[in-house]
Amino acid sequence: MMLQHVLVLSAYLFYVGLYGLITIRNMVRALMCLELILNAVNLNFVTFSDFFIVVN
């Protein structure tokens with residue numbers, strides 16, 4: 001998968017989670033949205049570590 005596709009997916013997950021975290025009052029759903037945000041950040045970490053890997 002190309003870098004741009006993964007970054008767009010990560011941004012989409014982040015904004016869906018952020019929107020849900022701001023608008024939802026139910027605590028369980030808020031924690032699910034927080035998990036979406038953390039999954040988006042984790043996806044960025046994995047993508048950039050794969051993209052910038054240095055092999056000697």
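Helices and strands here are DSSP runs, a helix having at least four residues and a strand at least two, and both are numbered from the N terminus. The structure before you is a predicted model. By this definition, its protein chain contains two helices and zero strands.

Let me begin with the overall form. Along its principal axes, the box filled by the C-alpha atoms of the protein chain is roughly 50 × 15 × 15 Å. The radius of gyration of the chain is 14 Å, whereas a compact globule of 56 residues would have one near 10 Å. Of the 56 residues, 16% are buried. The chain exposes about 4800 Å², and 70% of that area is supplied by carbon and sulfur atoms.

I turn now to the helix α1. Which residues of α1 are buried? They are Val-6, Ser-10, Gly-17 and Gly-20. Viewed down the axis of α1, these buried residues fall within an arc of 100°, so they line one face of the helix. On the other side of α1, the exposed residues are Val-8, Tyr-12, Tyr-15, Tyr-19 and Ile-22. What do the buried residues of α1 pack against? Their partner is α2.

The helix α2 runs over residues 27-51 and has 25 residues. From its first C-alpha to its last it reaches 36 Å, close to the 36 Å expected at 1.5 Å a residue. Buried in α2 are Ala-30, Cys-33, Ile-37, Ala-40 and Thr-47. The cover over these buried residues includes α1, residues 3-23.

Ser-10 is in helix α1. Is Ser-10 buried or exposed? Its relative accessibility is 2%, and buried means under 20%, so Ser-10 counts as buried. Once its neighbours within four places in sequence are left aside, Ser-10 is in contact with Ala-40, Leu-43 and Asn-44. One of these, Ala-40, is itself among the buried residues of α2. By contrast, Ser-10 and Arg-25 are 15 residues apart in sequence, and their C-alpha atoms are 24 Å apart in space.

Gly-20 is also found in helix α1. With a relative accessible area of 5%, Gly-20 is buried. Leu-36 lies 16 residues from Gly-20 along the chain, and 9.5 Å separates the C-alpha atoms of the two.

From the side of α2, consider Thr-47, whose place is in that helix. Thr-47 has a relative accessibility of 13% and therefore counts as buried. Which residues does Thr-47 contact, leaving aside its neighbours within four places in sequence? Thr-47 is in contact with Leu-3 and Val-6. Val-6 is one of the buried residues of α1.

My last topic is the aromatic residues. A pair of aromatic rings is described by the distance of the centres and the angle of the planes. The structure holds three aromatic pairs. One of them joins Phe-14 and Tyr-15, with 5.7 Å centre to centre and 80° between the planes, an edge-to-face arrangement. Phe-14 has a relative accessible area of 30% and is partly exposed. Tyr-15 stands at 55% relative accessibility; exposed means over 50%, so Tyr-15 counts as exposed.

Another pair is formed by Phe-48 and Phe-52. Are the planes of this pair stacked or edge-to-face? The pair is stacked, with 5.9 Å centre to centre and 10° between the planes. Phe-48 counts as partly exposed at 31% relative accessibility, while Phe-52 is exposed with a relative accessible area of 55%. Ring pairs also link Phe-48, Phe-51 and Phe-52 into a cluster.

To conclude, the predicted model has two helices and zero strands. The buried residues of α1 line one face of that helix and pack against α2.

Technical notes. Residues numbered from 1 in each chain as written. Predicted model: local features only at pLDDT ≥ 70, side-chain atom pairs only at ≥ 80, totals over all residues. Heavy atoms only, no water. Rg over C-alpha atoms; globule rule 2.2 N^0.38 Å. Buried < 20%, exposed > 50% of the residue type's maximum accessible area, 1.4 Å probe, protein only. Areas by Shrake-Rupley, 256 points an atom, 1.4 Å probe, with all protein chains shown as cover. Phe/Tyr/Trp six-rings, centres within 6.5 Å; stacked < 30°, edge-to-face > 60°. Expected span 1.5 Å × (residues − 1). Contact = heavy atoms within 4.5 Å. Arc of directions from axis to C-beta.
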